[in-house]
Amino acid sequence: MLLTREHVQRIVNEKVSTPFAQHNLLKLLRAMFEWAVGEGRMPDNPALGVKRVKVKTAGYKSWSEAEIAAFEATHAIGTKARLALALILYTGQRRGDVVKMGAHHIHNGVLTIDQGKTEGGEEAHLEIPVHPKLREIIDSTPTLGVKTFLVTSFGKPFTPAGFGNWFRELCDQAGCHDISAHGGRKATARRLAEIGCSASQIASITGHASLAEVQRYTKAADRKRMAREAMKKLTEGGW
């Protein structure tokens, strides 16, 4: 029995929870069936007309404080793993910018970096004061690269994808199986919002070109803060 368009659509729909995998699967099926048609093995391409089912997601999951603590408990200060986490948490940068960071980016206690990508598609020039904990962890890590802080087992700078895969393994070792390097960037924005930073102040660290996403963190932090204050007043009111 030949596959029909309906069959292929059902197969693609099953990947709805993993959008990237769904996209790659459909691309592969279209190419495979196109080859089969060209070889005379199928009368037509059943993947043509099949659409990806899109779902709204919140994107990468932000790290919770419990997950950060679990990672830190697993990877001690002095390890490359702990340095990687610190570079993410205390700069709020994407993995593509974290892998470029080196000692030459820090002058007079300020880390200066030109982001490779922002939501608006333009570079952002950032000057971020070095957090004392980040400085401590850098100084406590015995093996640093010459050009970049983080290097592979071969002594070469990481590629963004290579870093992401390596960091994913570190998260698994800590029992954090559904978080990623980018979630650490979100945790930085969350922390800044929860201590009362404005959207503009947060963006001055993270480099977001649009304040729309950053404002979601500040709104969530404001709700949390107001809920605490409201419950305190309710309790003090004798209710």
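**A first look**

A: Happy to! This is a predicted model. The protein chain exposes about 14200 Å², and carbon and sulfur atoms supply 57% of that area.

Q: Okay, and how many helices and strands does the protein chain have?
A: There are 10 helices and three strands in the protein chain.

Q: In what order do the elements run from the N terminus on?
A: The order in the protein chain is α-α-α-α-α-β-β-β-α-α-α-α-α. As for overall form, the radius of gyration of the protein chain is 23 Å, while the globule rule gives 18 Å for 239 residues, so the chain is more spread out than a compact globule.

Q: What does the C-alpha trace span along its principal axes?
A: The C-alpha trace of the protein chain spans about 70 × 60 × 35 Å.

Q: And what percentage of the residues count as buried?
A: Of the 239 residues in the protein chain, 39% count as buried.

Q: Can we zoom in on one residue? Where is the place of Thr206?
A: Thr206 sits in helix H9, which covers residues 199–206.

Q: Is Thr206 buried or exposed?
A: Thr206 counts as buried, because its relative accessibility is 0% and the cut-off for buried is under 20%.

Q: Which residues does Thr206 touch, not counting those up to four places away in sequence?
A: Leaving out residues up to four places away in sequence, Thr206 touches Gly92, Gln93, Gln115, Leu126 and Arg185.

Q: New topic, charges! How far apart are the mean positions of the positive and negative charges?
A: The protein chain has 34 positive and 24 negative charges, and their mean positions are 2 Å apart.

Notes
Residues numbered from 1 in each chain as written. Predicted model: local features only at pLDDT ≥ 70, side-chain atom pairs only at ≥ 80, totals over all residues. Heavy atoms only, no water. Helix = DSSP H or I, 4+ residues; strand = E, 2+ residues; numbered from the N terminus. Rg over C-alpha atoms; globule rule 2.2 N^0.38 Å. Buried < 20%, exposed > 50% of the residue type's maximum accessible area, 1.4 Å probe, protein only. Areas by Shrake-Rupley, 256 points an atom, 1.4 Å probe, with all protein chains shown as cover. Lys, Arg positive; Asp, Glu negative; His and termini not counted. Charge placed at Lys NZ, Arg CZ, Asp CG, Glu CD. Contact = heavy atoms within 4.5 Å.
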